[in-house]
Amino acid sequence: MPSLPDTPCYLDGEYTRVCDAKVSVLDRGFIFGDGIYEVVPVYGRRLFRFDEHMARLQRSLTKVRIGNPHTPEDWLQRCRRLVQMLAEQTAAEDQLVYIQVTRGVAVREHTMPSGITPTVYMMVTPMKPPTPEQRHHGVACMTARDFRWERGDIKSLSLLGNVMARQISADHGAVETILFRDGFLTEASSSNVWVVHEGALLGVPKSEHVLEGIRFELLRELCEDVGIAYNLRPIAEADVRSADELLLSSATKEVLAVTQLDGEAVGHGALRGKPGPVYSRLYEAYQRAKTLQSI
Ligand code: PDD
C-alpha cells in the first residue's frame, strides 16, 4: 500500500493524522457509500463561500435523511482548526477542506437504521489549482453518455459512476468527461459545464440529474458584475459542440476554459482552440471574489 499522508484530519471528535485515522468496516459509508460530502476551497487560510457550502451540506443530508451532527458554527470552528494545522505543517495558504458525513456504523442491512450516530470525517489538503499552462491554453475534455444514477443533485459519497466517467477522459489524457443524458448536457464527472453562445453564459437548469455547484450562484453574480448575460436552459449536445466557448467550474478549477472536445478544437475563427473573452473576464472577476468572499 502506498504510504498515506501525515496531514491533519478530524474523525468523530478527534484531531489526528490521515495516516492514523481508522473507521469501522461496518461503517455504512464503507459498506454502502451511504453518506454525503462537501469540498470547500480555502484562500489565504480563509474559507470561500462557506455559508453556501453549509447550505448544500444540509440539503444533501436532508435528502438522504441523515441528521446534521453539527451547527454551522461548529463546522466553521472545525474547518478553521484544520486549516490552521495544515498551514503550520506545510505553509500552504490555499487549501481544500473535505467534509464527509456517513450514516454511521451498523450491522449490514439496507434499511436506514434508527438511533445510530453519523460518522464525521474531515481532512485538509494543499490546493492543487490548474497549472499556468492549463490556464493559458485551456484543457481537453472527452464526452460520454451520462450513465450515472438519477440523483446527481445529492453530493453523495457513492461516486462509482463519476469515477468511471472520469476515467474515460483520463484514458485519453484529457482532464474531464462531459456528460449527455438523452441528447442534453448534464455536467462533467466532477465539474459543472458552461457554454458561451453569442456572448452569453449558458448553464443547465437545476434538476435531479445535476449537482448544483456552488459556482452556479457565484457565476450568476460575477456575470451580473461584469455585464455578461447569464441564462439557465436545456442545452442540446449540438449546442455544446458548436459553442463559441466552453467552460468548466468547480471548487478547484474555479472557471477553466475547455479548448478541445473529443479531439476537436472548440470555438470559431481566430479564437478556435483558445480560451475566449468570456472566460478571461469571468476568471478575473473570480480572482477578485476570492479575496472579498472568504471568511
Ligand atoms: N466536485 N458536479 C459534480 C459531479 C461535482 O463533483 C462537482 C464538484 C461539481 C462542481 O461543484 P462545486 O462548484 O460546488 O465544486 C459539479 C468536487 C470538487 C469533488 O468532488 O472533489
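## Helix α3

Directly after helix α3 comes Ala91, a residue with a positive phi, near 70°. The model described here is a predicted one. Helix α3 covers residues 72–90, and its end C-alpha atoms are 27 Å apart.

Several residues of α3 are buried: Trp75, Leu76, Arg78, Cys79, Leu82, Val83, Leu86 and Ala87. An α-helix has 3.6 residues a turn, so residues three or four places apart point the same way.

## Surface patch

A nonpolar patch on the surface is formed by Val25, Leu26, Phe30, Ile31, Val105 and Val107. Together these residues have about 560 Å² of accessible area. Val25 sits in the loop between β2 (14–17) and α1 (28–32). Its relative accessible area is 57%, so Val25 counts as exposed, the cut-off being over 50%.

## Largest pocket

The volume of the largest pocket is about 1100 Å³. It is lined by 42 residues, of which Tyr37, Val39, Lys155, Ser190 and Thr252 are the closest to its centre. Both strands and helices give two or more residues to the lining: the strands are β3 (35–43), β5 (95–102), β6 (119–126), β9 (184–188) and β13 (245–250), and the helices are α5 (160–170) and α6 (214–226).

## Salt bridges

The structure holds 23 salt bridges. In one of them, the side chains of Arg181 and Asp146 meet at 3.6 Å, N to O. This pair links distant parts of the chain, 35 residues apart: Arg181 is in strand β8 (residues 176–181), and Asp146 is in the loop between β7 (139–145) and α5. Arg181 and Asp146 are both buried. In another salt bridge, the closest N and O atoms of Lys290 and Glu254 are 2.7 Å apart. Lys290 belongs to helix α8 (residues 277–292) and Glu254 to strand β14 (residues 254–261), so this pair ties together parts that are 36 residues apart in sequence. Lys290 and Glu254 are buried as well. Salt bridges with shared partners also join Asp146, Arg148, Glu150, Arg181 and Glu187 into one network.

A further salt bridge lies within a helix. Glu237 and Arg241 are both in α7 (residues 237–241), four residues apart, which is about one turn of the helix. The closest N and O atoms of this salt bridge are 2.9 Å apart. Glu237 counts as partly exposed because its relative accessibility is 27%, and Arg241 is partly exposed at 42%.

Definitions and conventions: Residues are numbered from 1 along each chain as its sequence is written. This is a predicted model: local features need pLDDT of at least 70, side-chain atom pairs count only at pLDDT 80 or more; totals for chains, interfaces and linings use all residues. Side-chain values use heavy atoms; hydrogens and water are left out. The expected span of a helix is 1.5 Å times one less than its number of residues. Buried means under 20% relative accessible area, exposed over 50%, partly exposed in between (1.4 Å probe, protein chains only). Patches are made of residues with over 30% relative accessible area and no salt bridge: like charges are joined within 9 Å, nonpolar side chains (Val, Leu, Ile, Met, Phe, Trp, Tyr) within 5 Å. Accessible areas come from the Shrake-Rupley method with a 1.4 Å probe; for residues, only the protein chains shown count as cover. A salt bridge is a side-chain nitrogen of Lys or Arg within 4 Å of a carboxyl oxygen of Asp or Glu. On a 1 Å grid over the protein atoms alone, a cavity is a set of points where a 1.4 Å probe fits but cannot get out, and a pocket is an open set with protein on both sides within 12 Å along at least five of seven lines; lining residues have an atom within 4 Å of a point. Grid points are joined across faces, edges and corners, and a volume is the space filled by probe spheres set on the points.
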